[in-house]
Amino acid sequence: MEYLHYFVFKKKLLTGFTLIELIIVVAIVGVLAVSTIISLDPGKRLGEARDATRWQDVNSIFKAENLRRVDEGILPDFSTLTPGVNYMIGTGGAACPSRSSPESDVTTSPTGCIDLTAFVPDYFREIPVAPSTPGGIQWSPSETGYYLTRNTSGLIIFGAANSEYTVMRVSGL
């Protein structure tokens, strides 16, 4: 009798998992994986990453303008800018279109873009271009997605035209 008990017990140890046990484990792992992906929200994370790039670019434009002001010893002449009007930064000149659309939270000047290519050799490798939002405006060097505006007291504000989660503005000068 003891031999039979030993044989049955040893055989049970060598058989492994049953099919139902494997299905339950796979289902639990699947539910955990789906809940993790949903909680991480990859679309929002990608949008936040694009906003971080925009923030870094706006800061670099602002710092380049400050460095240029220090190097040349004069303030840039933004007195011709109409207060409260946003001017797109880009090489498009007078051909730079006015933007006022659901994808862009900034209405830009119909008079054209502000060209900052004078900064390129000393302060930038190239003028920063805002990351494009999927299905949104595709920015380019002629229309960068960044703007500057002058308020009524003459303060210059740099910003990003279509930030997704955070308003991007840096002021000074």
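## Overall picture

A residue is called buried when its relative accessible area is under 20%, exposed when that area is over 50%, and partly exposed in between. By this definition, 33% of the 173 residues of the protein chain count as buried, in what is a predicted model.

The protein chain contains 4 helices and 4 strands, and these elements follow one another along the sequence in the pattern α-α-α-β-α-β-β-β. Among the contacts in the protein chain with a separation of 6 or more, 61% are accounted for by residues 24 or more positions apart. The accessible surface of the protein chain comes to about 11,000 Å², and 63% of this surface belongs to carbon and sulfur atoms.

Helix 2 covers residues 19-40, and its 22 residues reach 32 Å from the first C-alpha to the last, which is close to the 32 Å expected at 1.5 Å a residue.

On the surface, Ile-20, Ile-24, Ile-28 and Leu-32 form a nonpolar patch, and together they have about 390 Å² of accessible area. One of these residues, Ile-20, lies in helix 2, and because its relative accessible area is 52%, Ile-20 counts as exposed.

## The loop after helix 2

Asp-41 is placed in the loop between helix 2 and helix 3, and just after helix 2 this residue takes a positive phi of about 45°. Most residues other than glycine have a negative phi. Asp-41 is not a glycine, and yet its phi is positive. With a relative accessibility of 35%, Asp-41 counts as partly exposed, since that value falls in the range between the cut-offs of 20% and 50%.

## The largest nonpolar core

The largest nonpolar core has 25 residues, of which Ile-61, Ile-89, Leu-116, Tyr-146, Leu-148 and Phe-158 touch the most other members. Two or more residues of this core are given by each of helix 3 (42-72), strand 1 (86-88), strand 2 (146-150) and strand 3 (156-160), and helix 3 gives the most, with 4 residues.

Note on methods: Residues are numbered from 1 along each chain as its sequence is written. This is a predicted model: local features need pLDDT of at least 70, side-chain atom pairs count only at pLDDT 80 or more; totals for chains, interfaces and linings use all residues. Side-chain values use heavy atoms; hydrogens and water are left out. Buried means under 20% relative accessible area, exposed over 50%, partly exposed in between (1.4 Å probe, protein chains only). Contact means heavy atoms within 4.5 Å. Accessible areas come from the Shrake-Rupley method with a 1.4 Å probe; for residues, only the protein chains shown count as cover. Patches are made of residues with over 30% relative accessible area and no salt bridge: like charges are joined within 9 Å, nonpolar side chains (Val, Leu, Ile, Met, Phe, Trp, Tyr) within 5 Å. A salt bridge is a side-chain nitrogen of Lys or Arg within 4 Å of a carboxyl oxygen of Asp or Glu. The expected span of a helix is 1.5 Å times one less than its number of residues. A nonpolar core is a set of buried Ala, Val, Leu, Ile, Met, Phe, Trp, Tyr and Cys residues joined through side-chain atoms within 4.5 Å.
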